[in-house]
2 protein chains.
Amino acid sequence: MQRYFVQPDAIADGRVTITGDDVKHIVRVMRMEAGEEVIVCDGLGRAFRVELTDLGDSSVEANIVEELAQSPEPAVKITLAQGLPKGDKMELIVQKGTEVGIARFLPVDMARCVVQYDAKKEAKRRERWQKIAKEAAEQAHRNLIPSIGEPMSFKQVMSSLDGFDLVVVPYEGEKARSLREVLADAPDARHICVLIGPEGGIADAEIETALSKGALPVTLGPRILRTETAGLVAATCIYYHYGEMGG
Amino acid sequence: MQRYFVQPDAIADGRVTITGDDVKHIVRVMRMEAGEEVIVCDGLGRAFRVELTDLGDSSVEANIVEELAQSPEPAVKITLAQGLPKGDKMELIVQKGTEVGIARFLPVDMARCVVQYDAKKEAKRRERWQKIAKEAAEQAHRNLIPSIGEPMSFKQVMSSLDGFDLVVVPYEGEKARSLREVLADAPDARHICVLIGPEGGIADAEIETALSKGALPVTLGPRILRTETAGLVAATCIYYHYGEMGG
């Protein structure tokens, strides 16, 4: 069934109001009519099966039939702190990471980032990443739209690690400590941060700082993954480990 | 250390001859000189540390210093049979799949493929995919260049499954059987085929045929992955399961 995200306050008294681009999608693309059903998510984790009642040009109204109990959201919440990559690679990272289940993306300005940080441009790009996350979440049948944080400095990320049960750093220089080892030692971890360096990797000084903050460098094996692949692969391993990939 | 693939017959009597685009890369891009070392792979799984001796415009000669014993190649060989996707998605699939360790790609013409199969065009595209595989294998520090099979029909794939210890089919319609369950039942599997449908998914009749050939539909969990993501994610789970992601 087709799935749409609405603002939480668009759901009230058993009714839902859908606005924005989704109206066009429902009316023009899907050519749906009153009486047909879709799934509406509040983007915070709740999902409802609803029956369309009024289809207009600028809004669609619907009645809630039932709240869906089973959530497709993983119990383990992963935040991907991603060293800002070149070009439009961050779009791929957000899209694929959203599909697999990542809860939050933090673009990080790191020592070896090639891109010059530009606050004005970043606001535009961040808007675009958020849109990609919404579309990917709809297509992946998720109940939650991953949030995209404001780009922050490595230092800022390092001072905000307290909330995580585990911070792992896939790192080419780490030859011994495996991701499996680290996860096996943390069977109850619920909030995990994965830190990925940009194309040039993580600088030695950054690894030192991360270590001092309790982050754990890990190897993902002998095959070297590109920056836009590493976070997706690490998240997939983590979800698989905790039984979040269907068992 | 920089890594280059050569034809197996370019390695003989303790010497290696590098030709083609890699010459330009060594001489012009990397500006290397005689006495410097690179790694040369024969693309079939062997790798050598070599010392450059003669750098010319059309070829580079080198002496073998030692054969590298440790292989980055997974012991579990995965073949990705991929329903031909739209546009240039197959390029992404080959690049990312090569990074993570896939051994072989088989483009498959399936019932719900949107692209019209065109033998002439396919030859060109296959050449391009093979080039992408080579470059990704070099960057990932692999010893083997994954092979790209000729596009084949679903029927042809179904009649060539005998060589596999396990054939898994990630499938939206499968709600019960998990990938983990299937892998746990096959601790000694060494050749695994992963079959992924195109954008529109796998047709019911195709699932029936696959089942009758011993393939196992599995769920990858409640989040629906796009066709270009599913193979990479399934392969990552399989490698993680068998300890091929660094432990």
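This is a predicted model: local features need pLDDT of at least 70, side-chain atom pairs count only at pLDDT 80 or more; totals for chains, interfaces and linings use all residues.
Which side chain does A:Glu228 meet in a salt bridge, at what N to O distance? It's A:Lys89, at 3.9 Å. By salt bridge I mean a side-chain nitrogen of Lys or Arg within 4 Å of a carboxyl oxygen of Asp or Glu.

Residues are numbered from 1 along each chain as its sequence is written, chains are lettered from A and ligands numbered from 1 in the order in which they are written, and side-chain values use heavy atoms, with hydrogens and water left out.

Okay, back to that pair. Helices here are DSSP runs of H or I with at least four residues, strands are runs of E with at least two, and both are numbered from the N terminus. A:Glu228 counts as buried at 10% relative accessibility, whereas A:Lys89, at 24%, counts as partly exposed. The cut-offs are under 20% relative accessible area for buried, over 50% for exposed, and partly exposed in between, with a 1.4 Å probe and protein chains only.

A:Glu228 also reaches over to the other chain: its side chain meets that of B:Lys96 in a salt bridge, 2.9 Å from N to O. Salt bridges with shared partners join A:Lys89, A:Glu199, A:Arg226, A:Glu228, B:Lys96 and B:Glu99 into one network.

Now the interface itself. Here 41 residues of chain A are in contact with 41 residues of chain B, contact being heavy atoms within 4.5 Å. The two chains bury about 3,500 Å² between them, with 54% of it on carbon and sulfur atoms. That area is the accessible area, 1.4 Å probe, that two parts lose on being put together, summed over both. On the chain A side, A:Arg223, A:Arg226 and A:Tyr240 lose the most area to chain B, together 25% of what that side buries.

The rule finds 4 salt bridges across this interface. Which helices of chain A each supply at least two residues of the side that touches chain B? They are H2 (89-100), H3 (119-139), H5 (179-184) and H7 (227-241). The largest share, 9 residues, comes from H7(A).

Over all chains, the salt bridge count comes to 34. Let me show you two inside chain B. B:Arg49 pairs with B:Glu37, the closest N and O atoms being 2.6 Å apart. B:Arg49 is in strand S5 (residues 47-55) and B:Glu37 in strand S4 (residues 37-41), so the pair ties together parts 12 residues apart in sequence. B:Arg49 is partly exposed at 23% relative accessibility, and B:Glu37 is partly exposed at 25%.

The other one joins B:Arg46 and B:Glu67, with the closest N and O atoms 2.7 Å apart. B:Arg46 is in the loop between S4 and S5 of chain B, and B:Glu67 is in strand S6 (residues 59-67), 21 residues apart.

Last stop, the core. A:Ile192, A:Val194, A:Ile238, B:Ile192, B:Val194 and B:Ile238 touch the most other members of the largest nonpolar core, which has 113 residues. Such a core is a set of buried Ala, Val, Leu, Ile, Met, Phe, Trp, Tyr and Cys residues joined through side-chain atoms within 4.5 Å.
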